[in-house]
Amino acid sequence: MAAESKSLIPEIAMDRRLVSADDPRRSLAVNGSFQVGLVFALIMVAVWTPQGRLNMVISLLAAICIVGFSIRGRYSVRELGLVRPWSGALAMLVSGALMIGMIIVAGSVMRSLGPAQPVPWRRAWQYAIWAMEQEFILQSYFYLRLESLLGSRRGVLGAALLFSVAHLPSPVLTLLSFIGGLLFCEMFRRYRNIFPLGLVHAVLGLTIAASLPDSLLHHMRVGLGYLLYRP
């Protein structure tokens with residue numbers, strides 16, 4: 001009996017290795033890791049590349065990858081957060097309003113550090129569009145894949161970390177984007193709806209720009225642009 005058990009152990013182990021190697025979940029994990037890593041690397045290169053043709057090409061390549069992987073991905077339109085515009089809207093708007101109020105209070109306390117930047121209407125609506133795009137990238141692209149790889153709650157933390165790292169080296173935006181990323185991703189985890197998140201993101205970003213000292217924000221720039229900023 002002992003001899004038979006010993007002979008069966010390597011066979012069972014071999015079967016498990018074969019199953020794990022052919023397991024579709026392993027393929028999905030590798031695929032998801034590659035998609036997250038590639039797009040985040042492209043974003044970081046774009047953030048740290050001087051403005052110009054190379055920066056434009058890298059940014060375009062990142063956008064193409066996001067759209068292409070999203071279209072060909074296994075996630076449904078509902079999972080992408082695109083079909084239930086009212087789901088969780090009240091909770092998101094109330095949470096966003098509280099954060100906006102806190103930013104306004106913080107801005108009033110920090111007035112001694114200098115004035116905030118003016119936010120003209122033309123830039124405001126452009127930023128609103130960009131905020132919605134950011135929420136799609138953060139939630140419908142990064143969070144969904146990290147959720148599949150790490151689980152829903154760890155996916156929230158992972159996506160928020162990526163979001164904050166993309167805002168380095170601005171200390172204010174890095175901290176606020178991590179806090180906001182946690183809130184946004186948790187709301188998306190619960191309600192699967194990016195539309196109110198895009199609205200809150202836009203108003204919150206504009207409030208930050210109009211309330212906090214520009215000496216700290218450098219015109220809301222991140223990456224190389226933050227370091228090269230001259231008032």
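Trainee: What should I know about the model before reading it?

Mentor: It is predicted, so local features need pLDDT of at least 70, side-chain atom pairs count only at pLDDT 80 or more, and totals for chains, interfaces and linings use all residues. Residues are numbered from 1 along each chain as its sequence is written, and side-chain values use heavy atoms, with hydrogens and water left out.

Trainee: At what angle do α4 and α8 pack?

Mentor: Start with the terms. Helices are DSSP runs (H or I, at least four residues), numbered from the N terminus. Axes are lines fitted to C-alpha atoms over the stretch in contact, and angles run from 0 to 180 degrees between N-to-C directions. Here α4 (89-109) and α8 (residues 195-211) pack at about 5 degrees, with axes 10 Å apart. That makes α4 roughly parallel to α8. The cut-offs are under 35 degrees for roughly parallel, over 145 for roughly antiparallel, 65 to 115 for roughly perpendicular, and oblique for the rest.

Trainee: Which residues of α4 and α8 meet?

Mentor: Contact means heavy atoms within 4.5 Å. On the α4 side, the residues include Met92, Gly96, Ile100 and Ile104. On the α8 side, they include Leu197, Val200, Leu204 and Ile208. By class, this contact has 14 nonpolar, four polar and no charged residues. Ala, Val, Leu, Ile, Met, Phe, Trp, Tyr, Cys and Pro count as nonpolar; Asp, Glu, Lys and Arg as charged; the others, Gly among them, as polar.

Trainee: How do α5 and α8 cross?

Mentor: Their axes come within 8 Å and cross at roughly 130 degrees. α5 and α8 are therefore oblique to each other. Their crossing is right-handed. For handedness, look at the near helix: turned anticlockwise from the far one by less than a right angle is left-handed, clockwise is right-handed. Among the residues that meet are Ala124, Tyr127 and Ala131 in α5, and Phe195, Gly198 and Ala202 in α8. The contact has 10 nonpolar, five polar and one charged residues.

Trainee: Is the crossing of α3 and α5 left-handed or right-handed?

Mentor: Left-handed. α3 and α5 pack at about 55 degrees, with their axes 11 Å apart. They are therefore oblique to each other. Cys65, Ile66, Phe69 and Ser70 of α3 make the contact with Phe136, Ile137, Tyr141 and Arg145 of α5. Those residues divide into six nonpolar, one polar and one charged.

Trainee: How many cavities of 30 Å³ or more does a search of the whole structure find?

Mentor: Rolling a probe the size of a water molecule over the atoms shows where empty space is left. On a 1 Å grid over the protein atoms alone, a cavity is a set of points where a 1.4 Å probe fits but cannot get out; a pocket is an open set with protein on both sides within 12 Å along at least five of seven lines; lining residues have an atom within 4 Å of a point. Points are joined across faces, edges and corners, and a volume is the space filled by probe spheres set on them. The search finds one such cavity. The largest cavity holds about 40 Å³. Its lining is Met92, Ser95, Gly96, Leu183, Phe184, Met187, Leu197 and Val200. The lining has six nonpolar, two polar and no charged residues.

Trainee: Which helix gives the most to the lining of the second largest pocket?

Mentor: α2, with six residues. The pocket holds about 270 Å³. Of its 14 lining residues, Leu28, Asn31, Gly32, Gln35 and Arg74 are closest to its centre. α2 (24-47), α3 (53-72) and α5 (121-150) each supply at least two. By class, the lining has five nonpolar, five polar and four charged residues.

Trainee: Where should I look along the backbone?

Mentor: Most residues other than glycine have a negative phi, and most peptide bonds are trans. The bond from leucine 168 to proline 169 is cis, with omega near 0 degrees. Proline 169 sits in the loop between α6 (152-165) and α7. Histidine 218 has a positive phi of about 55 degrees. Its place is the loop between α9 (214-217) and α10 (223-228).
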